[in-house]
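I opened this entry to keep track of what I looked up. The structure goes in first, my notes after it.

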Amino acid sequence: MTHSLFITQLADIFAAHQIKTNDAARPYHTDERNRYHLAPLAVVLPHSTAQISRLITLCAAQNPPVAVIAQGGNTGLVGGCAVLPDCPSILLNLSQLNRVIEIDPLNQTATVDAGVTLQALHDALKPYQLIFPLTLASQNAATIGGNLATNAGGTQVLRYGSMRDLCLGLEVVLADGSVWDGLNTLRKNNTGYDLKHVFIGAEGTLGVITRAVLKLFPAPLHRTCALVACNDLKSILDTFRTIKSQFDQQLTAFEYISANAFDLVCTQFDITPPLEPAPEYALIELASSLPLNNDAFEAALDALSHANVLQNAAIAHNEQQSTQFWRIRELISAAQKKLGKNIKHDISLPISSINAFCSATYAALQQAYPMIEPTVFGHIGDGNLHFNVSRGGAFADADGLMACEPQINATVYRFVAQFHGSISAEHGIGLLKRDLLPTVKSDVELRLMRDIKQQFDPQNIMNPHKILP
Ligand SMILES: Cc1cc2nc3c(=O)[nH]c(=O)nc-3n(C[C@H](O)[C@H](O)[C@H](O)COP(=O)(O)OP(=O)(O)OC[C@H]3O[C@@H](n4cnc5c(N)ncnc54)[C@H](O)[C@@H]3O)c2cc1C
């Protein structure tokens, strides 16, 4: 069967405006980091689970079968939606499957289509004084389906957990076109294997998530935020330990910003720095539905200053100031993008090893590439660093930097292994880190993963050749 006949058959399932090819398809098959560009046979934008089921049935019936690559907001950073050569594929963009179906204030759950953006869900919850706590700088475009498929983390994991912790149920279209209705709304339901966890974090390789039931929480009515500066990373970690032990559940975010990252944002976005220059910064947020003890927070920061742990601190006195502080943190990726291509490492480490890891890795990178400029930031309260490398004085242009990517990656990942960390904290494996997987998983673990893939997708049509080599 030719692909032109297959495209014609798509018209039996989708209206003309739901099928994009050629130039109209291009924005969908260019990834966020501008690394992958190959075109699929077509991009389709379904309106219903039934259309997705018919599409997958059609793809599975081709000889050879056509691959199905699910896509949400296309904000993923590891090439999870990349089309591969010699692998005829349909890019299944779920952005039109975007209804908030039910908000249950008493059960504190929301049932939503997979294509609802994270921001749209946040907005829909405002009248209910409830929140869905996942918060990402990409939330205007990133979708709930993409968040689930990547087990997204973000800035509030410290208090609320990652996507896996925030999901109660799923609806999934499987590789044979059948639909699994697992839209569980119960918090307690021990009835055998919890299948939703197979699909969460599977990056579309086992099925297409079409709907989800998510946990909601009371909106914090009280919030305070501080930007602090330290002389070294150890002091940032000491500050984290002190604030966490004193404020525990009220601590909703503790974000680390290195001076390189801080300065880059201020320069690229013309922001007047709110603090005197320092080698390291952190953004701390406390939030609660009960009144916060602001005096205790101020006293804790004062005590840290007197002990010379903090060099400087600014507490936001109003919502506007708090937004200004958060803006610096949220614009780091955009500032790096403005500077050109950069090398990203989304890694996690035991919090107690972060300081030693950074010292060892900086030293090794600096020896190989004098004047290299790591632009490091991240959710340090979860042990998650975005250990990125932008072009600095060592490289005249971004291409020069990218030519050294394999060696820089090897150095960073060598120290990640030495300090018992993970090569992917929250972005996933996708295509970018696929070939590293066998270096970090045991043979037994890889075999179990392959068995799961074979069981759920025997024809290898669901986002093939991602995650597993
Ligand atoms: C500026 C910026 C900041 C970011 N910050 C964070 C952060 O703090 N934390 C974090 O975790 N990530 C972050 N990311 C990464 C990204 O936004 C997340 O991975 C997000 O969850 C991806 O959602 P998406 O809808 O864009 O998915 P896409 O990019 O469209 O897809 C990602 C993967 O999920 C699969 N997929 C998508 N939808 C479905 C579905 N319905 N069913 C099955 N599989 C599906 C795709 O096949 C692909 O493998 C950031 C990205 C940017 C650009």
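This is a predicted model: local features need pLDDT of at least 70, side-chain atom pairs count only at pLDDT 80 or more; totals for chains, interfaces and linings use all residues.

**Cys81.** I looked up Cys81 and found it in the loop between S3 and strand S4 (89-93). Is Cys81 buried or exposed? Cys81 is buried, because 31 other C-beta atoms lie within 10 Å, and 20 or more are enough for that label. Leaving aside neighbours within four places in sequence, I listed its contacts as Asp31, Ile69, Gln71, Asn74, Gly76 and Leu91. I then checked Cys81 against Asn460: they are 379 residues apart in sequence and 15 Å apart in space, C-alpha to C-alpha.

**Ligand shell.** I counted 37 residues around the ligand, of which Gly72, Gly76, Gly80, Gly145 and Gly146 come nearest. Strand S3 (67-71), helix H5 (144-149) and strand S10 (208-215) are the elements that give two or more residues to this shell. H5 has the largest share, with four residues. Sorted by class, the shell holds 14 nonpolar, 20 polar and three charged residues. Domain 1 (3-93) and domain 2 (100-218) each supply at least three residues to it.

**Nonpolar cores.** The largest nonpolar core has 65 residues, and Val68, Ile90, Leu92, Cys167, Ile209, Ala212 and Leu214 touch the most other members. Domain 1 (3-93) and domain 2 (100-218) both contribute residues, so this core lies between them. A second, separate core has 62 residues, including Leu264, Phe297, Ala313 and Ala425.

**Helix H13.** Which residues of helix H13 (residues 332-339) are buried? I noted Ile332, Ser333, Ala335 and Gln336. These cover an arc of only 160° around the axis, which means they sit on the same side of H13. I looked up what the buried residues pack against and found helix H10 (259-268), helix H12 (319-330), strand S17 (373-379) and strand S18 (384-390). Just after H13, Gly340 has a positive phi of about 120°.

Methods
Residues are numbered from 1 along each chain as its sequence is written. A residue is buried if 20 or more other C-beta atoms lie within 10 Å of its own, exposed if 12 or fewer, and partly exposed in between; C-beta atoms are placed from the backbone. The arc is that of the directions from the helix axis to the C-beta atoms. Two residues are in contact if their C-beta atoms, placed from the backbone, lie within 7 Å. A residue is near a molecule or strand if its C-beta atom, placed from the backbone, lies within 6 Å of it. Ala, Val, Leu, Ile, Met, Phe, Trp, Tyr, Cys and Pro count as nonpolar, Asp, Glu, Lys and Arg as charged, and the others, Gly among them, as polar. Domain bounds come from an automatic or database domain assignment. A nonpolar core is a set of buried Ala, Val, Leu, Ile, Met, Phe, Trp, Tyr and Cys residues joined through C-beta atoms within 7 Å.
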